[in-house]
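Hi,

Here is the structure I promised to pass on.

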Amino acid sequence: MEEPVLMDALPYVDIRPTPQQREAVEALIAEEMAKFQPTDYLEHMPVPSVKVSKLVEEEMARVAQGRPLPPLDRSRFELRPPSSDYSQDLGRWTKSIQNAQAQYEHQVIRQQNLELLIDHGKEGWLARNKALEQEVKHTGEAVVGVKRKIDELNAYRKSKQKKAGAQLKELEIEWQNSFQRNIQLQSEIRRQQAEVARVRRAELGD
């Protein structure tokens, strides 16, 4: 189980590094990354196999080869009788008639859709626009709420970090004072030891 990472950075308090310090850190990072083995950490892993349909495979091959999209087949939208070579072919005529009937039904449905759009399209668009406006309003309110929470969180973090920064500053000053006192005590101890040694030498000399 990995140990939790302790984040001890205080971005609202810490002093920003100088360009020279940043450059030195980036140089250390680059030096460390150059030692990574292997540099491509995915090299040993097999390429994942993805199952796709034949149609997708053909389309991917077309894109890879840089071939353009084939033109749309519009023959089924055209009303063409059999050519003169097949003018007596009943099957060809039957197919042409069926295509004409399909085209006619398609145009009838288009006309019905247009009539429905004329009769009810306005109300439908108005209702849809109203729904979109409500959705935009709710989304905007949600965004404002999230931004407010982010601002409150940042303000809370800033307040806590400023307070922690002040405490750290006090502790740093206290540590510096203690460090100076320790140095003074060590110096005094060495002086006293030297004095004791001098006195002892004087006593032995007497």
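**Q103 and its surroundings**

Leaving aside residues up to four places away in sequence, Q103 touches R76, F77 and L79, where a contact means heavy atoms within 4.5 Å. Q103 sits in helix α3 (residues 90-205), and with a relative accessible area of 13% Q103 is buried. Here buried means under 20% relative accessible area, exposed over 50%, and partly exposed in between (1.4 Å probe, protein chains only).

Before you go further: this is a predicted model, so local features need pLDDT of at least 70 and side-chain atom pairs count only at pLDDT 80 or more, while totals for chains, interfaces and linings use all residues. Residues are numbered from 1 along each chain as its sequence is written, and side-chain values use heavy atoms, with hydrogens and water left out.

**The chain overall**

The chain has three helices and zero strands, counted as DSSP runs numbered from the N terminus (helices are H or I, at least four residues; strands are E, at least two). Its radius of gyration is 42 Å, whereas a compact globule of 206 residues would come out near 17 Å. That radius is taken over C-alpha atoms, and the globule rule is 2.2 Å times the number of residues to the power 0.38. Along the principal axes, the C-alpha atoms fill a box of roughly 150 × 50 × 35 Å. Buried residues make up 4% of the 206 residues. Of the contacts between residues at least 6 apart in sequence, 44% join residues at least 24 apart.

**Salt bridges**

How many salt bridges does the structure hold? There are four, a salt bridge being a side-chain nitrogen of Lys or Arg within 4 Å of a carboxyl oxygen of Asp or Glu. Here are some of them:

- E59 and R62 meet through their side chains at 2.5 Å, N to O. They are three residues apart in helix α2 (residues 54-65), so about one helical turn separates them. E59 is partly exposed at 35% relative accessible area, but R62 is buried at 12%.
- R191 and E188 also form a salt bridge, at 2.5 Å, N to O. This pair lies three residues apart in helix α3, again about one helical turn. R191 is partly exposed at 46%, and E188 is partly exposed at 33%.
- R198 pairs with E195, with the closest N and O atoms 2.4 Å apart. They too are three residues apart in helix α3, separated by about one helical turn. R198 is partly exposed at 43%, as is E195 at 32%.

Cheers
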